[in-house]
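Here is a short briefing to read alongside the model. Please keep the sequence and the 3D view open as you go.

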Amino acid sequence: QAQLVESGGGLVQAGDSLTLSCAASGLTSSNYAMGWFRQAPGKERELIASILPNSGNRYYADSVEGRFYISRDNAKNTVYLQMNSLKPEDTAVYYCAARKTVSRQYVYWGQGTQVTVSS
């Protein structure tokens with residue numbers, strides 16, 4: 001059974017940086033596109049970044065473009081989200097997810113990690 005485990009969340013101040021990690025097991029990450037989602041209180045979960053298996057194609061939501069960077073290490077079955085210049089509005093639970101490259105639906109999800117940015 002595939003499992004995704006996020007780590008690296010925490011409480012930081014506005015302007016700080018934080019890097020999230022997502023370790024995958026039970027699947028060959030090189031066969032999956034990986035995404036980072038977040039859900040703030042009272043809001044829907046949104047896709048903020050994604051990366052294809054070969055790391056050639058990356059997507060960023062407008063809200064994080066230029067501040068966040070997604071990367072992956074297929075040898076370690078791990079995907080990362082480097083977050084810079086954090087803002088209070090980045091406060092949310094962050095989830096990583098995996099989908100087969102032939103599908104648009106994310107089928108495996110982590111449990112989430114809380115990121116809180118104080119002003």
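The notes below cover the overall fold and then one group of aromatic rings.

This is a predicted model, where local features need pLDDT of at least 70, side-chain atom pairs count only at pLDDT 80 or more, and totals for chains, interfaces and linings use all residues. Residues are numbered from 1 along each chain as its sequence is written, and side-chain values use heavy atoms, leaving out hydrogens and water.

**Fold and dimensions**
- The protein has eleven strands and zero helices (DSSP runs: strands E of at least two residues, helices H or I of at least four, numbered from the N terminus).
- Along the principal axes, the C-alpha atoms fill a box of roughly 40 × 25 × 25 Å.

**Contacts and burial**
- Of the contacts between residues at least 6 apart in sequence, 54% join residues at least 24 apart (contact means heavy atoms within 4.5 Å).
- Buried residues make up 42% of the 119 residues (buried is under 20% relative accessible area, exposed over 50%, partly exposed in between, with a 1.4 Å probe and protein chains only).

**Aromatic rings**
- The structure holds four aromatic pairs (ring centres of Phe, Tyr or Trp, the last by its six-membered ring, within 6.5 Å; planes under 30 degrees apart are stacked, over 60 edge-to-face, the rest tilted).
- One of them is the tilted pair of Phe-37 and Trp-109, 4.7 Å centre to centre with 55° between the planes.
- Phe-37 lies in strand E4 (residues 32-39) and Trp-109 in strand E10 (residues 108-109), so this pair ties together parts 72 residues apart in sequence.
- Phe-37 is buried at 10% relative accessible area, while Trp-109 is partly exposed at 33%.
- Phe-37, Tyr-106 and Trp-109 form one aromatic cluster, and Tyr-106 is buried at 12%.
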